[in-house]
Amino acid sequence: LMTGQGHRKTTVPLERRPWSESADDVSHASSPPTQRSGGGKVHRGSDLPHPSMIFGALVRLGRGDETPDVVLKCIVALAGEAVPDVSEASLTLTDGSGSPYTAAATSPTMVDLDLCQYEELGGPCTQALIEGETVVIQYMAKEVRWPRYRYAATLEGARSALAIPLGRGPTPIGTLNLISARPYGFSPANVELAETFATYAYDAYMRACRAHASPAFQYARQE
C-alpha cells in the first residue's frame, strides 16, 4: 500500500491462529521486551519515515479537495507509518444517535474487531469513547476486562491494542484504534507518539468536514 507521501506501508502482518498461551506468548507475560523498556525512546525501523514527515502530511491533509471519507482512509493508512509495530488501524466515529461505527479501516479484520466491541460495549475502543481517555492493552492473552474481545482479537493474531479518543473537548467524536502483532507493542513513548498522531488526524478530519459542510463539524462545535 502506497501512501500519498510515496512511502510503502510497512506494518507487521497479523497471523490468524487459535487462541492459546503458547510458550512464546508466556515468555512475554511478565515483562515487556528489553528493546521497548527503559529510556522511553521510540525504536523505529529504518524503513519507517520520521514522524515529522507524517505529521507534515496530516497538516496538509484536508486543505484541498479531499472529502472527509478520503481523509479518514488516508489517516488509517498513515497510522502504520507513524507508530512502530502497528499491524492494523481503524477509526471509529459516532452517528447522530451516538452509536459507534467504523468509518475507515486498514482491513476487514479491524472492522470485525470493532463490531465485536460495539455489540458488547466492551473493549478498548468503546472504553476510550465512553471515558474520553487512552486505553492500552499491553498483553492481549492476559486481558481480563473484555473476554469476548480478547478471544476475538487473539484469534486474529493481535497481541496488544491501543485506542485513543478523537477530539479537543470532553466528549470525543470517535477513536483511533491500533493493534499490534507483538506483545507490549505500545511502549509509553509509542503511546505518546500515537496520541500526537491522533491530534493531527482529528484536525485534518475537521478541516475536511468544515470544507464540505459535514454534519460532523457541527457536532464537534457543539461539544
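How many cavities of 30 Å³ or more does a search of the whole structure find? I got 2.

Ground rules first. I'm working on a predicted model, where local features need pLDDT of at least 70 and side-chain atom pairs count only at pLDDT 80 or more, while totals for chains, interfaces and linings use all residues. Numbering runs from 1 along each chain as its sequence is written, and side-chain values use heavy atoms, with hydrogens and water left out.

My cavity is a set of points on a 1 Å grid over the protein atoms alone where a 1.4 Å probe fits but cannot get out, and a lining residue has an atom within 4 Å of a point. Points are joined across faces, edges and corners, and the volume is the space filled by probe spheres set on them.

**Largest cavity.** I read off about 70 Å³. It has 13 lining residues, and Q117, P124, Y149, N177 and I179 are the closest to its centre. I then looked up which elements (DSSP runs: helices H or I of at least four residues, strands E of at least two, numbered from the N terminus) supply at least two lining residues each: α4 (108–120), α5 (124–131), β4 (160–166) and β5 (174–180). The most come from α4, with 4 residues. By class I noted 10 nonpolar, 2 polar and 1 charged (nonpolar is Ala, Val, Leu, Ile, Met, Phe, Trp, Tyr, Cys and Pro; charged is Asp, Glu, Lys and Arg; polar is the others, Gly among them).

**Second largest cavity.** This one holds about 40 Å³. I listed L72, I75, L91, L166, I173, A201, Y202 and Y205 as its lining. Both α3 (68–82) and α7 (188–211) give at least two residues, with α7 providing the largest share, 3. I found 8 nonpolar residues in this lining, no polar and no charged.

Definitions and conventions. On a 1 Å grid over the protein atoms alone, a cavity is a set of points where a 1.4 Å probe fits but cannot get out, and a pocket is an open set with protein on both sides within 12 Å along at least five of seven lines; lining residues have an atom within 4 Å of a point.
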